[in-house]
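The following report covers strand pairing and helix packing in one model. Please read it alongside the sequence and coordinates.

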Amino acid sequence: MSRVSAGTYSHTTPSGAVTAAHRGSAGSAGDGRPGGGSPPSPPARRVRRPSWRDPRLLAGLAIVAVSVLLGVRLLAAADDTTTVWSVAADLPAGHAVDAGDLRPVEVRFGSPGLAERYLPATDLPPGTVLLQDVSTGEMLPRAALGEGGTQDVAELPISLSAESVPVGVRPGHVVDVWVTPADVAARQAREAVRVLEGVTVVAAPESAGALGPSMTRQVVVAVPAEEEAAIARALAALADGTVVLVGRG
Amino acid sequence: MLGERTGVLVAAAGAAWEVEALRALAGPSARSVLLKRCVDLSDLLATASTGQARVAVVAAGLPGLDADSVSHLRSAGTAVVVVADARSRGAGVVLAGVSAVVDETDVERLAAVVPAATLDEDVCGETEETGDATDDREGSGPGSHEPGRVVAVWGPAGAPGRTTLAVTLAAELAARGHDTLLVDADGYGGAVAQHLGILDEVSGLLGAVRLANSGRLDARGLAATAREVRADLRVLTGLPRADRWVEVRPAAFDLLLTTARSLCRYVVLDLGFSLEQDPQSYGSSVPQRNHMTVGTLDVADEVVVVGGADPVGLARLARGLVEMREVVPSATTRVAVNRVRASLGWTEQEVRAMVEGFVTPASMHFLPDEPAVVDRALMSGRPVQDSGDSGLARAAAGLADALTGDPTWVPGRRVRLRRRRAGTTR
């Protein structure tokens, strides 16, 4: 195996001498030796050891975080339940509603128009009174609420014998008050007279006297305050006659 | 038959200078005689193989002319004189093995150059390097550096651990601050790239020999085909498929070796196992698959022979050592016995005595069998040293000590490196 020699084709000098460079044999050539600025080699592409600083890992973590965040936002946006008031106890019409009577509940209404019929739980104007009776667990509709109803209603106590009261009457029931006149002239008519129509029972305490069942009961009904004439007529009629409460609906 | 006159072949590829050249070569006063005007390279090679011509005058632009064909001509005893044209001058093409170069404007000189051209002629000795065409490629010029050392890692058939040792040794040399080039020269499918986890698909070896064959390989070109793996360690990756060994022409590979010497302080070559020479018939040269192995062993400053420690490995090692002594009698041999393990029941003295029954190596080294360390290194694509302290790394360090004779080596540096790497490995 002979050492290889090499020639280079190169310019001819003016004198005609062939210029050539012998480059092959050991140590003759090369523009670089260690430390002498040897020509650089491009870096090799190599397999990388798995590292926590791998950009792909960071990108993966970022994708997971972003999707979690987006999912939370999406679910929050998709939550279309509304918080409305529900009634904690049976309340009669005319009752002044305050927050203690109510519990917030979350419900989902099928149509947006439906939600507007109910009072959202964020909102309870002071001095709200019930215009109708509501019972435990019912959602509080806007239609059942009125403003400052207390001064518009006169509470009229009626004392009557226990058997003249429908069984199970309780606050909120709407009743008519009939009187059978006691005096002869009136009795000739052979007809009882309805003195109050469609009034609401505000209170009907059980006649639980300490000594035994009482024969009379008190029932308080609400009469619109502006119907003073009706109150006066009713009081007169109630004074002499037999009073009967007739429940309606 | 020819008397004192030199037999000349001319292959001018139709160049305009041919008429003038023929007048200069075959005139009445010429000291040469024209044997044949060849029409192409094949004609030239065939005619040269008859062995009658002493000189071939070849146009630089002759289609197919490369370092390999020059090498063929030389092996037939024909010196090559190239007539350079404007294009080859511009490209600065360098062909290995050319005895003389004459410019096409100056072909009268052939009358003097051709009879004097011989195979052993050193063109460089006759002429001063003045050409500006070479300046930018030559750098600081010849002779300014001592040549790098060629360390061949060879081993007999089987898988004694040639590549593992070559990679470990190269990494060790690089860690000591020696500029090292690791060349995968295994003609049977090298695996250096896999050992170092290199993903580049391009074969550095094929790229470099292609440059060498076309005469364009210099230190810069070699550096560009190599890949830097870490500080002071470059790798020339091997054949992508074993059957592409044909492309590694012997002349080009030899030029690659000499260029590598000029590029790096140490050139570590991972060789194939076979030393077999394909028989040459009728002067034609058949391709030599094992030229990379044999040619490297021939010029290597150091040969590290790797063998397994088991009975099969040692038997092959013994045969390999004998075979190697026949092929390359002069190489300085160091023997590395790999995968030494206690379960084999042989002491180092017994193995040493067995090896020394065949050759007297400059040194013997015993590499312990540490499959876990090697596996970790392979799986991470890093040299064994990166996995921390191990018997294998220490044995490689011992081998590097013997190769370099390096008293300046400070172990403290490696301790620091080891500690740092241990943190990232585990």
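Asp184(B) stands opposite Asp270(B) in strand 11 of chain B. Strand 8 (residues 180-185) and strand 11 (residues 266-271) of chain B run parallel and are joined by six bridges; two strands count as paired if DSSP finds at least two bridges between them. Strands are DSSP runs of E with at least two residues, helices runs of H or I with at least four, both numbered from the N terminus.

The model is predicted: local features need pLDDT of at least 70, side-chain atom pairs count only at pLDDT 80 or more, and totals for chains, interfaces and linings use all residues. Residues are numbered from 1 along each chain as its sequence is written, and chains are lettered from A and ligands numbered from 1 in the order in which they are written.

The open sheet in chain B has eight strands in the order 9-10-8-11-7-12-13-14, with mixed pairing. Strand 9 (227-230) and strand 14 (363-368) of chain B each have a single partner strand, so one side of each lacks a neighbour in the sheet. The twist averages 25° from one strand to the next.

Two helices pack on this sheet, with contacts counted when C-beta atoms, placed from the backbone, lie within 7 Å. Angles run from 0 to 180 degrees between N-to-C directions, with axes fitted to C-alpha atoms, for helices over the stretch in contact.

| Helix (chain B) | Strands touched (chain B) | Angle |
|---|---|---|
| Helix 10 (residues 204-213) | strand 8, strand 9, strand 10 (233-236) | about 75° with strand 10 |
| Helix 17 (residues 391-404) | strand 7 (149-154), strand 12 (302-308), strand 13 (333-340), strand 14 | about 165° with strand 14 |
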